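Try each task before you read its solution.

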Amino acid sequence: MVELTDTAFKTTGSKWLLPVSQYVNLPLEQVNFLACQGFALAAAFWFRLYLGPSHANPLVRHAVATLLGIAFLMFCFGWYSAHILTVVAANYLIMIKADINHVHRYSMVIAMGYLTACQVSRVFIFNYGILSTDFSGPLMVVTQKVTMLAFQLHDGMCKKSEHLTSDQKPLAVNVRPSLIEYLSYNLNFLSVLVGPCSDYKDYIDFIEGRHISQRLRQHSGTCNGQNGYDMTLNPSPMSAVCRKLLVCCGCMLFHLIVTRSLPITYNIDPQFVAHAPFLTRLTYAVFSAQAVRIKYYFAWTLADVVNNAAGYGFKGMDENGKPSWDFLCSVNILGVEAATSFKTFIDNWNIRTGIWLKTVCYDRVPRYKVPLTFILSALWHGVYPGYYISAITTIPITIAARAIRRSVRHYFLGSRGLKLGYDILTWAATQLVICYIIMPFLLLAVEPTLSMYYYVHITSILTAIALHRKHKPREPSATTKTFSSSSSSAQCQSAHSNNNDKIQ
């Protein structure tokens, strides 16, 4: 059993806000993070209103976004921010010097290798007592960006258009970015701390003032048969910003009141494990695992707010003719909480990371797509054994879920009542399974899974074997791929979590 050390008021960054941290009884690195995101929100409004494309040229916008991003890194992480800058610099050299035919491979190896080395150092430096917003969070975001850009650059400069998928074709990059464009994309203040990872071409469109017009053109005709581009030239993000800020406030209150009363670490408390009945421990595990999601809802929604306030993240006009600012959202809260399958949960949780995994792995590997994608996800998160237990666990669960859907689901589609009962049952099963999967992920160790007796592993394997020969063809609308294109089109209305206290 690992021992969690107290890191309540430790940070690798600035200590200016230590009195505030002590007054509100929040870890200093979390206070620093909130201060930077608050400042980023104010700067985002200024960036849109006074440094917009009509007021400043792209070079100025790139430079300001980059300098603010670096300042945030220095404030939050001090000299540890050098790790992020090192990865960006190394991959820029690879991009301009390496053979373009292999640039994506080199970038993946260097970025993931450096990230893994830093993650290994965290194991020994912090000894499982992880700071909730240590430097590895931004490093993980930068790793996504540099590798995604490398793959998209390879697509644009080495592949013929007919060899690209419908998702890859519009995002292919045909020209190597300049230094300031590369730095701005990777280090801009809008996403440097917690993401999201956006596509390079979308970011450049935003900086150069084409983002909204491009999205409107792509989604023209979706508004009651009208061309949204003609109807709204410059939709305001204020409605979306206010709505998402209310969600952030609700998440913050829930975290302070409920999540703190259900600490996730109590699941491995020796007294609780030794004396509490299995059903009691299972019930607590479910509720504590659900409560811990709130901090991710808060962080990702706040990041979305910052981007929207700057005028980035416009998706198009919805079916009611209103602007939608959910293009960069990382989580669909209602989709997660109402998920009736593991795949639905994944499609709505950490959406942008799911898109990255699909872009650099799932769509690229010829075989073993699901296992390799989950292994990459675990490696990206870190080297703690809990990550790999969770990744391995998802494989039999995914196979069993597909088998159940193919063999059983069609029996419940005959009436509304049966379908409702099926949905309720699968919702409860999904929440239980998700709790089982993420427990070692959150607690970093193997013990949480051992304490649950591997019941989901055993059930999933037996179910997959029992239904293996009973599969029936599914209806055409059903999807089979865990990381399908639905990830990129998931709607944001409000398995890729991180360690016990990390934001990204």
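**Exercise 1. Find which residues of α3 meet which residues of α8, then describe how the two helices pack.**

Step 1: On the α3 side, look for Pro-58, Arg-61, His-62 and Ala-65; they meet Tyr-203, Ile-204, Phe-206 and Ile-207 of α8. Contact means heavy atoms within 4.5 Å. Helices here are DSSP runs (H or I, at least four residues), strands are E runs of at least two, and both are numbered from the N terminus.

A word on the source: this is a predicted model, in which local features need pLDDT of at least 70 and side-chain atom pairs count only at pLDDT 80 or more, while totals for chains, interfaces and linings use all residues. Residues are numbered from 1 along each chain as its sequence is written, and side-chain values use heavy atoms, with hydrogens and water left out.

Step 2: Helix α3 spans residues 58–77 and α8 spans residues 200–207; their axes lie 9 Å apart, at an angle of about 115 degrees. That makes α3 roughly perpendicular to α8 (65 to 115 degrees counts as roughly perpendicular). Axes are lines fitted to C-alpha atoms over the stretch in contact, with angles from 0 to 180 degrees between N-to-C directions.

**Exercise 2. Describe the surroundings of Ile-404.**

Step 1: Ile-404 belongs to helix α18 (residues 385–407).

Step 2: With 33% relative accessibility, Ile-404 counts as partly exposed.

Step 3: Its contacts, not counting residues up to four places away in sequence, are Arg-409, Thr-463 and Leu-467.

Step 4: Ala-466 is 62 residues from Ile-404 in sequence, yet their C-alpha atoms are 9.9 Å apart in space.

**Exercise 3. Sum up the whole chain: how many helices and strands are there, and what share of the residues is buried?**

Step 1: The protein chain has 22 helices and two strands.

Step 2: Of its 504 residues, 56% count as buried.

Notes:
Angles under 35 degrees count as roughly parallel, over 145 as roughly antiparallel, 65 to 115 as roughly perpendicular and the rest as oblique. Buried means under 20% relative accessible area, exposed over 50%, partly exposed in between (1.4 Å probe, protein chains only).
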